[in-house]
Amino acid sequence: MSTALVLSAGGLFGAYQAGVWSELERCLKPDLVVGASIGALNGWMIAGGASARQLIEAWLEPPDAALRRLNRDIVERHARRVFTAWEPRIPFGLVTTEFPSMRQRLFRTPGLTWRHLAGSSAIPLIFRHQRIDGGLHADGGLLTPLPLWAALEMGARRIVAVNVLKYRPLYIRAIAAAACRYARFSPEQPPGIEVIEIAPSERIGTLRQSIEWSRDRIERWIAVGRRDALGVLPSIAAR
């Protein structure tokens, strides 16, 4: 049975995913990895063989941390660095949102470039959209932060998902629902697919904090991810 690790969108809340991976790597060897937005960047590293220690170090000591606030240049530089430093060893897919149709697009290895990583992470009105295959592409988490559908399209029949945006504000969910209707997209999970979802057990921060780097917050989110992952390890190991 093909097992996928699926990582959600979530800006700097993605540090939580690094904490989760620090526990999961002991018992989970995914057959493929799928990510959207920050989940695509974390997922690229994990698919490339990055250990939890390396992933956590990348979060705690980012080269552009001194600038404190994410901007379009930092995101593109980070996408280039991650793309250059790691190469997936297992199938990897990332999701973007194509404009103006708002269509969700799955791109997979081989053939990805740093622009795919940057495009998947490009929050509209904040970061630059990326032109890929003649179209404009932005944040892959706009319609749904957790791209389970993409893992299924890649052949997964069992999914371990890390969703840092499971509990979004009501107005964000309303906007996403309207976008889904416009794009005629349904994020519902099909029956018969086993999904183990790991999500923050507490409110980890505000949307503003998700784009402003703080070492104290990064350390706390990593710690929360570790703690939450421990609660599901027995069920993952048993399977």
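Modeller: Let's look at helix H2, where Ile38, Gly39, Ala40, Leu41, Asn42, Gly43, Trp44, Met45, Ile46 and Ala47 are buried. Here buried means under 20% relative accessible area, exposed means over 50%, and partly exposed is in between, using a 1.4 Å probe and protein chains only. That makes 10 of the 10 residues of H2 buried, and the helix is mostly covered. Helices (H or I, at least four residues) and strands (E, at least two) are DSSP runs, numbered from the N terminus.

Please keep in mind that this is a predicted model: local features need pLDDT of at least 70, side-chain atom pairs count only at pLDDT 80 or more, and totals for chains, interfaces and linings use all residues. Residues are numbered from 1 along each chain as its sequence is written, and side-chain values use heavy atoms, with hydrogens and water left out.

Now for the surroundings. The largest nonpolar core has 53 residues, and those touching the most other members are Leu5, Trp21, Leu24, Trp59, Phe92, Leu117 and Ile218. H2, residues 38–47, gives the most to this core, with 7 residues. A nonpolar core is a set of buried Ala, Val, Leu, Ile, Met, Phe, Trp, Tyr and Cys residues joined through side-chain atoms within 4.5 Å.

Contact means heavy atoms within 4.5 Å.

Next, look at the two ends of the helix. Ser37 sits in the loop between strand E2 (32–36) and H2. Ser37 is buried too, with a relative accessible area of 5%. Its side chain makes a polar contact with the side chain of Asp139 at 3.3 Å. A polar contact is a pair of N or O atoms within 3.5 Å; within protein, one must be able to donate a hydrogen and the other to accept it, and residues adjacent in sequence count only if both atoms are side-chain atoms. Not counting residues up to four places away in sequence, Ser37 touches Ala9, Ser120, Ser121 and Asp139. After H2 comes Gly49, whose phi is positive, near 95 degrees.

E2 runs parallel to E1, and 4 bridges join them; two strands pair if DSSP finds at least two bridges between them.
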